[in-house]
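Let's take a walk through this one together. Have the sequence and the coordinates open, and follow along residue by residue.

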Amino acid sequence: MPPRQDDLTIADDAVLWRAVHKLQIYREDDGSERAQKWAFESEDNEVSAWIAAEADLERVRARFPESRIAEFTAAQARECRNIVSRDPVEDDPSHVVICPVPGKSNSQIKKDARRLAQKAHLLP
Amino acid sequence: MSSASVWDRPTPRLQGPAQSQWSKVTSLSTAAPWVLNALDSIEDLARLPHNWDGYGSPRIDPKAIAAARRFVANVAFDGLPLPHIAPVLGGSVGLHWRCGDRELEFTFHPNGEVEFLRVLGADLDRDENMETGTLRHEPDTAGLKFLLWMMGSR
């Protein structure tokens, strides 16, 4: 498979959703919640997400009943040295994958996963 | 500021540690109060089914669970807070501690590898504020040193 390319048709301000298992959500001392770094990692370095404008929130929630939805923008994913690439799957054209830019070290991938977890906002 | 100076700040001495990094046997009767809760929470991860995260992750591996429980039992000391315990893709177990502006994450993999991430400060855009690596030898001892570093912010 050819390497993933950053899809510039996905605007920086495009909102993306990622389902985060409830056990991967951390509550800060002030009561605020954020996703853990582990929620933004993937063994194949392709982290699934959905373009909010093209997806149905209730459908995503129904597919991940044990999860909350974390929201972030394509720009935030890119600021963390990732590319955002469309990956339409059967009956779901809104699916994208977030991948590290080519050549990124494993250490940097983990740091950037932590950064993206910090930037993401958990929907109620 | 060099990255070395960031990570080499003084750490506190243990005050009445329930465990020692040299212990071979853990006495849970003298453990910090949160330890039993943590051990139970880690064990509970074994109940998660295949595909627990919806992304096809396998069940949490018993070897990862055992490693995480052993680690907690061996590093626990009074004053250390309860870690956040999380399932991790690939059948692994994650432990996360935060104390002030310092954070520590340990990931226990089924193959025995223990990865860490430590964070100093809220500005995550500074690369030098984060460090990752693997605890290759005596992870309990190395992990305890990191935990003492973290508690140094108090």
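This is a predicted model: local features need pLDDT of at least 70, side-chain atom pairs count only at pLDDT 80 or more; totals for chains, interfaces and linings use all residues.

**Chain B overall**

Chain B has 4 helices and 5 strands. Going along the sequence, they come in the order α-α-α-β-β-β-β-β-α. Of the 154 residues in chain B, 49% are buried. Take the contacts in chain B with a separation of 6 or more: 56% of them link residues 24 or more positions apart. The accessible surface of chain B is about 7,300 Å², and carbon and sulfur atoms account for 50% of that.

**How the helices pack**

Two packed helices are described by the angle between their axes and the distance between the axes.

| Helix pair | Angle between axes | Axis distance |
|---|---|---|
| Helix 2 (residues 34-44) and helix 3 of chain B | about 175° | 9 Å |
| Helix 3 (residues 62-75) and helix 4 (residues 139-151) of chain B | roughly 55° | within 10 Å |

Start with helix 2 and helix 3 of chain B, which pack at about 175°. Angles over 145 degrees count as roughly antiparallel, so helix 2 of chain B is roughly antiparallel to helix 3 of chain B. Which residues of helix 2 of chain B meet helix 3 of chain B? On the helix 2 side they are Trp34(B), Val35(B), Ala38(B), Leu39(B), Ile42(B) and Glu43(B). Across from them, helix 3 of chain B brings Ile65(B), Ala68(B), Arg69(B), Val72(B) and Ala73(B). By class, this contact between helix 2 and helix 3 of chain B has 9 nonpolar and 2 charged residues, with no polar ones.

Now for helix 3 and helix 4 of chain B, whose axes cross at roughly 55°. The two helices are therefore oblique to each other, and helix 3 of chain B passes helix 4 of chain B in a right-handed crossing. Helix 3 of chain B makes the contact through Arg70(B), Phe71(B), Asn74(B) and Val75(B). Helix 4 of chain B answers with Pro139(B), Asp140(B), Gly143(B), Leu144(B) and Leu147(B). By class, the contact of helix 3 with helix 4 of chain B has 5 nonpolar, 2 polar and 2 charged residues.

In chain B, have a look at Asn51(B), in the loop between helix 2 and helix 3. Asn51(B) isn't a glycine, yet it has a positive phi of about 65°. Is Asn51(B) exposed or partly exposed? Its relative accessibility is 34%, so Asn51(B) counts as partly exposed.

Further along, His137(B) sits in the loop between strand 5 (130-134) and helix 4 of chain B. His137(B) is exposed, at 68% relative accessible area. Pro87(B) is 50 residues from His137(B) along the chain, and their C-alpha atoms are separated by 23 Å.

Over in chain A, Asp91(A) is another non-glycine with a positive phi, here about 55°. You'll find Asp91(A) in the loop between strand 6 (82-86) and strand 7 (95-100) of chain A. With a relative accessible area of 58%, Asp91(A) is exposed.

Last stop: Asp13(A), in the segment before strand 1 (15-21) of chain A. Asp13(A) counts as exposed at 62% relative accessibility. Although Asp13(A) and Ala74(A) are 61 residues apart along the chain, their C-alpha atoms are separated by 6.2 Å.

Technical notes. Residues are numbered from 1 along each chain as its sequence is written. Chains are lettered from A and ligands numbered from 1 in the order in which they are written. Side-chain values use heavy atoms; hydrogens and water are left out. Buried means under 20% relative accessible area, exposed over 50%, partly exposed in between (1.4 Å probe, protein chains only). Contact means heavy atoms within 4.5 Å. Accessible areas come from the Shrake-Rupley method with a 1.4 Å probe; for residues, only the protein chains shown count as cover. Axes are lines fitted to C-alpha atoms, for helices over the stretch in contact, and angles run from 0 to 180 degrees between N-to-C directions. Angles under 35 degrees count as roughly parallel, over 145 as roughly antiparallel, 65 to 115 as roughly perpendicular and the rest as oblique. A crossing is left-handed if the near helix is turned anticlockwise from the far one by less than a right angle, and right-handed if clockwise. Ala, Val, Leu, Ile, Met, Phe, Trp, Tyr, Cys and Pro count as nonpolar, Asp, Glu, Lys and Arg as charged, and the others, Gly among them, as polar.
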